[in-house]
Amino acid sequence: MTNKARYAAAVDTAISKLHEEGRYRTFIDIERRKGNFPNAVWTKPDGSEKNITVWCGNDYLGMGQHPVVLAAMQEALEATGAGSGGTRNISGTTVYHKRLEAELADLHRKEAALVFTSAYIANDATLSTLPKLLPGLIIYSDSLNHASMIEGVRRNGGAKRIFRHNDVEHLREMLEADDPAAPKLIAFESIYSMDGDFGPIEAICDLADEFDALTYIDEVHAVGMYGPRGAGVAERDGLMGRLDIINGTLAKAYGVMGGYIAASAKMCDAIRSYAPGFIFTTSLPPAVAAGAAASVRHLKTDQALRDKQQLHARILKTRLKAMGLPIIDHGSHIVPVMVGDPVHTKQLSDMLLEDFGIYVQPINFPTVPRGTERLRFTPSPVHSPDMLDGLVRAMDSLWSQCALNRQELSA
Ligand SMILES: Cc1ncc(COP(=O)(O)O)c(C=O)c1O
């Protein structure tokens, strides 16, 4: 066997393993219909088309089709063309990027904000850079932090401690065990997106004060949706000022693309100059920055949209619970239905799509631990009562058809 044949065989083995474990990922090709979200058209593998309703999107508020966002993007596109034409340092900083950063700094009541091409990159770039700024830094990271934070912490070459999910006592033990003089940072999320549970923000801030640590929060699944101006759970709980670095996305509730950190002017200034993930990549297209800024600005005042999303999430949870379906309910907007087996989860998802035009992607390992495979629904303000009704009836009938257990999981 040649080396090239060996490489191909190894790749084949890796793919076969995914099939055997029932977690081979199949992408569903969809085209969302502007003005008509969450409706979309699915192009099947045979080329035929089917109208579907998207129930697993992260465009949580439907801002991807909001007229204010589209107008801002169209205006910028007409004014300035397609791409930014450079990295932030070399010709890629435009008025649109500056306006977006000002909008975000104001949102989080911080001195500054720094926009990255995604929140993944913002997490990875910032967390991997901090030990360069703070030699000897120890990062305390929640065990269920997103892959982008794990990568950033893993790559930074500094010391790390992983505390059990949301376990502040475990975190305290770890903080107590380390040198009081060592620089410290606690990294965690406000909403963990797969279970929809909240991080203990206040208790973590208290510990950070006690042990003189910096705090880093990922509010990716909360910005736009929580707090009176959509700045996230920390804003809702009156804790925003106690967080040193806030990470968010422009791609979920804000409906566009990009990610950011908001922090002190000095912190942003340093990350700007030391983080390769910020420096060595082309900046967002100006039209994207303009659309994101319009979305952030709009959601500072559109409380009705936030309220409607929460209402739809509550209705869906109440109805699924009433049928005895095992949902996880931590009071957030995310509605996970536990199936607990990758094959069943995929089957359910396939049947929902084929038979009912309901699109919900199966969530498997490594996104969630094995044995906790699930369907994760994200009801939004643009899902109508009829759509909610159709989903509940479809789930009821498939649950019976597949003879799945009806038991309630307590949150
Ligand atoms: C908790 C968390 N942080 C960061 C990200 C990355 O966000 P983005 O899509 O902007 O890269 C995600 C994406 O799913 C996420 O769930």
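A salt bridge is a side-chain nitrogen of Lys or Arg within 4 Å of a carboxyl oxygen of Asp or Glu. I used that rule throughout these entries on a predicted model.

**Entry 1: salt bridges**

I looked up the total first, and the structure holds 27 salt bridges. I then picked out a few pairs.

I began with Glu-354 and Lys-44, whose closest N and O atoms are 3.4 Å apart. I noted that this pair links distant parts of the chain, the two residues being 310 residues apart. Glu-354 sits in helix 13 (residues 342–356), while Lys-44 is in the loop between strand 2 (39–43) and strand 3 (49–54). Are the two partners buried or exposed? I found Glu-354 partly exposed, at a relative accessible area of 39%. Lys-44 has a relative accessible area of 19%, and the cut-off for buried is under 20%, so Lys-44 counts as buried.

Next I took Arg-172 and Glu-210, whose side chains meet in a salt bridge of 2.8 Å, N to O. Here, too, distant parts of the chain are linked: Arg-172 is in helix 6 (residues 168–177) and Glu-210 in helix 7 (residues 201–211), 38 residues apart. Arg-172 is partly exposed, with a relative accessible area of 22%.

**Entry 2: helix 9**

Asp-269 pairs with Arg-272, and their closest N and O atoms are 2.8 Å apart. Both residues belong to helix 9 and are 3 residues apart, about one turn of the helix. An α-helix has 3.6 residues a turn, so residues three or four places apart point the same way. I recorded Asp-269 as partly exposed, at 40% relative accessible area, and Arg-272 as partly exposed, at 42%.

I also noted a network, in which salt bridges that share partners join Glu-103, Asp-106, Arg-109, Arg-229, Arg-297 and Lys-300.

Which residues of helix 9 are buried? In this helix (residues 265–274) I listed Met-267, Cys-268 and Ile-271 as buried. These three cover an arc of only 95° around the axis, so they are on the same side of helix 9. I found the buried residues packed against strand 4 (112–116), helix 4 (119–133), strand 11 (245–249) and strand 12 (259–263).

**Entry 3: helix 12**

I checked the length of helix 12 (residues 303–322). Its 20 residues reach 29 Å from first C-alpha to last, close to the 28 Å expected. I then listed its buried residues, among them Leu-305, Gln-309, His-312, Leu-316 and Leu-320. The buried residues fall within an arc of 160° when seen down the axis, so they line one face of helix 12. On the other side, Ala-304, Thr-318 and Ala-322 are exposed.

What covers the buried face? I found that the cover includes helix 11 (286–299), strand 13 (335–338), strand 16 (374–377) and helix 14 (385–401). After helix 12 comes Gly-324, with a positive phi near 80°.

**Entry 4: two domains**

I noted that the protein is divided into domain 1 (27–54 + 303–409) and domain 2 (66–300). Their C-alpha centres lie 29 Å apart. The contact takes 18 residues from domain 1 and 18 residues from domain 2. About 1,400 Å² is buried between the two domains, and carbon and sulfur atoms give 55% of that area.

How many salt bridges does the rule find across this interface? I counted 1 salt bridge there. As a last item, I looked up Arg-374 and Asp-195, whose side chains meet in a salt bridge of 2.4 Å, N to O.

Note on methods
Residues are numbered from 1 along each chain as its sequence is written. This is a predicted model: local features need pLDDT of at least 70, side-chain atom pairs count only at pLDDT 80 or more; totals for chains, interfaces and linings use all residues. Side-chain values use heavy atoms; hydrogens and water are left out. Helices (H or I, at least four residues) and strands (E, at least two) are DSSP runs, numbered from the N terminus. The expected span of a helix is 1.5 Å times one less than its number of residues. Buried means under 20% relative accessible area, exposed over 50%, partly exposed in between (1.4 Å probe, protein chains only). The arc is that of the directions from the helix axis to the C-beta atoms. Contact means heavy atoms within 4.5 Å. Domain bounds come from an automatic or database domain assignment. Buried area is the accessible area (1.4 Å probe) that two parts lose on being put together, summed over both.
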